[in-house]
Structures are given as structure tokens and as C-alpha cells.
Amino acid sequence: MLDAKHLQALAAVITEQSFEKAARALFLTQSAVSQRVRQLEERVGQMLVVRSAPVRPTPAGMAVLRHFRQLSMLEQSLFEELAPERSDDFVTVALAVNADSLDTWFLAGAREILAEAKVLLDLVVDDQSVTHAYLRSGEVQGAITSTPANFQGLATRDLGDMEYLCVATPDFRARHCPDGFDIEAAGQAPMVMFSHKDALQHEFLQQRFGREVSPPVHVMPSNIGFQGLILQGGAFGMVSRNLAEPHLKNGELVDLAPGETLRVPHYYQCWSLQSALSERVGDIIVRTARAHLAPRSP
């Protein structure tokens with residue numbers, strides 16, 4: 001049996017990406033944290049973290065972290081069953097969320113989660129195509145993702161599709177697409193991406209024109225900045241229907257491809273082994289998402 005204090009030290013080091021920060025989080029000395037991690041490495045016979053700046057987990061370290069997260073959920077579930085009325089401490093729920101979900105419907109679900117239980121949310125925000133990796137590594141308990149489950153022990157629930165529109169300002173359209181948003185205009189007009197992982201814009205261009213198009217690209221890793229650049233007339237880009245519609249109605253934005261959208265499937269994934277609290281959190285997320293997202297196309 002692996003020592004729980006050693007596992008907790010490893011989890012803190014991986015989460016904080018630093019032995020010093022992990023020590024502060026655990027109210028221990030840095031040498032005590034380092035000793036616990038080293039003893040755990042001796043116990044399993046493998047290096048669990050790369051001692052760099054920032055500290056990085058090895059594949060073995062991620063497997064041990066996942067084991068610790070699952071044990072923690074089992075323990076939490078046991079205490080909920082034995083004495084639910086005596087649970088006065090806050091419980092941290094770590095989730096991976098994509099930025100568009102966070103900025104549209106997720107906070108409505110978070111309000112219900114926080115009203116129901118003493119929960120502290122620890123969110124990792126990344127592109128929906130990669131959020132499942134945080135779940136697989138053990139860094140989070142649940143993930144909103146566009147990638148269906150493909151490994152054992154994972155439960156996947158369908159949330160629906162998020163619809164994206166290709167938008168720009170009227171002035172941008174007049175300047176860069178005077179004859180319409182054809183393949184020539186799309187290849188020359190500046191486009192904005194949320195990050196280098198963001199493939200939505202290129203997926204839409206491939207869908208519209210049937211071949212790869214490579215326009216000049218801005219990279220703006222902030223939803224406020226991403227939409228702000230479009231609203232300032234600096235680029236075209238894919239914006240979720242929920243966020244784009246108010247600006248389309250007041251004339252600040254125009255749809256460059258009327259009637260054509262990119263639908264991105266969304267799922268909620270979590271480990272099959274869950275605590276009662278984790279199940280309630282998942283139920284709230286699924287119910288909230290389905291009320292805001294478009295039903296999956298047949």
C-alpha cells in the first residue's frame with residue numbers, strides 16, 4: 001500500500017509545478033516534501049517527476065497521480081455515506097473546461113453546484129480538443145471536451161453541439177471581402193485563432209471550400225481579446241452563436257457565410273469510479289449544457 005502522505009506530496013508538486021509551492025500548500029518544509037516524493041519514487045522504483053523549472057511529471061508520475069485522485073474520490077464517497085451531515089469542510093473539484101463553455105453556459109451550472117455543496121472549483125482552461133488529456137493524466141476529475149472517450153475506465157455523456165459562426169465587422173468585410181467570402185478572400189484576409197491548438201477556423205475553411213486555406217493569422221489566447229480583435233475590425237474568426245448573436249443583431253458584426261455553421265460536439269467525461277459529490281457535479285454540468293447547446297445532429 002502506498003503511503004497517503006507521499007501521494008499527497010506528489011500531487012501537490014505536480015499541481016503546483018514546484019517543490020517550494022507544494023511545501024507552502026501543504027504547510028511543510030520544502031525538504032519534507034522532497035523527501036516524501038523521493039521515498040515514493042523508491043517505493044515504486046521509478047522517477048515520478050522531472051526536477052526542472054517548472055517541475056514536470058513523468059508518465060509514471062501521472063499514473064500515480066491518477067491512482068491518488070481515484071483513491072481520494074473513494075474516501076470522499078465513504079465519508080459522505082458514513083456521516084453526510086458532518087461534512088463541514090470545503091471539497092475541491094478539479095475540472096478541465098474549454099473557454100467558450102466557460103464564457104457561455106458553464107457558470108450557470110457552477111452557480112447551482114456552489115449553492116448545493118461546499119465546493120471549491122479548480123478549473124483548467126484549454127482548447128476543447130485537448131481537455132480530455134487532463135482527465136487521463138489525473139490532473140482533473142472531469143472534463144468538457146470534443147474528443148469522445150477512447151480509453152478504459154472513463155464515462156462519457158453527450159452534451160450537444162456548440163455552433164460557431166464565421167464573423168467579422170461590416171468594415172472588415174467591405175475591405176477584405178468586397179466580392180464575397182470566397183476562397184481568394186479567405187486566403188488573404190487576416191484571421192484570429194485562440195491558440196496554436198485552436199483548429200476551428202481552419203476546420204471551417206476546409207468545410208466551406210473543400211480544401212486547406214492558409215490565411216495570415218493572429219493568435220489571441222483570451223476570449224475577451226479574441227472577440228475584441230474581431231470587433232475592432234482586425235480579423236475574422238469563429239465565434240459561438242450565443243456570443244455572436246447580440247453583435248449580429250446590433251450590426252457590429254456580420255456573418256461572412258450566412259446559413260453555414262461549424263458544429264462542434266461536446267461531451268462531459270469523468271472516471272467511472274466517482275464519489276456521490278462528483279456524480280452530482282456531473283449531473284448539473286450535463287443538465288446545464290444540454291439546456292444551452294444545440295441537440296446533436298442525427
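Buried here means under 20% relative accessible area, with a 1.4 Å probe and protein chains only. The model is predicted: local features need pLDDT of at least 70, side-chain atom pairs count only at pLDDT 80 or more, and totals for chains, interfaces and linings use all residues. Residues are numbered from 1 along each chain as its sequence is written.

Start at helix H10, residues 223–231. Helices are DSSP runs (H or I, at least four residues), and strands are E runs of at least two, numbered from the N terminus. Asn-223, Phe-226, Gln-227, Leu-229 and Ile-230 are buried in H10. These buried residues fall within an arc of 155° seen down the helix axis, so they line one face of H10. The arc is taken from the directions between the helix axis and the C-beta atoms. Just past H10, Gly-233 has a positive phi of about 80°.

Now turn to the cavities. A cavity is a set of points on a 1 Å grid over the protein atoms alone where a 1.4 Å probe fits but cannot get out; lining residues have an atom within 4 Å of a point. The structure has two cavities of 30 Å³ or more. A volume is the space filled by probe spheres set on the points.

The largest cavity has a volume of about 150 Å³. Among its 18 lining residues, Asp-100, Phe-194, Asp-198, Leu-200 and Asn-223 are the closest to its centre. Helices H5 (99–116), H9 (200–209) and H10, with strand E9 (237–240), each supply at least two residues of this lining.

The second largest cavity holds about 40 Å³. Its lining includes Gln-227 and Ile-230. H10 and helix H11 (241–249) each supply at least two of its lining residues.

Methods. Side-chain values use heavy atoms; hydrogens and water are left out. Buried means under 20% relative accessible area, exposed over 50%, partly exposed in between (1.4 Å probe, protein chains only). On a 1 Å grid over the protein atoms alone, a cavity is a set of points where a 1.4 Å probe fits but cannot get out, and a pocket is an open set with protein on both sides within 12 Å along at least five of seven lines; lining residues have an atom within 4 Å of a point.
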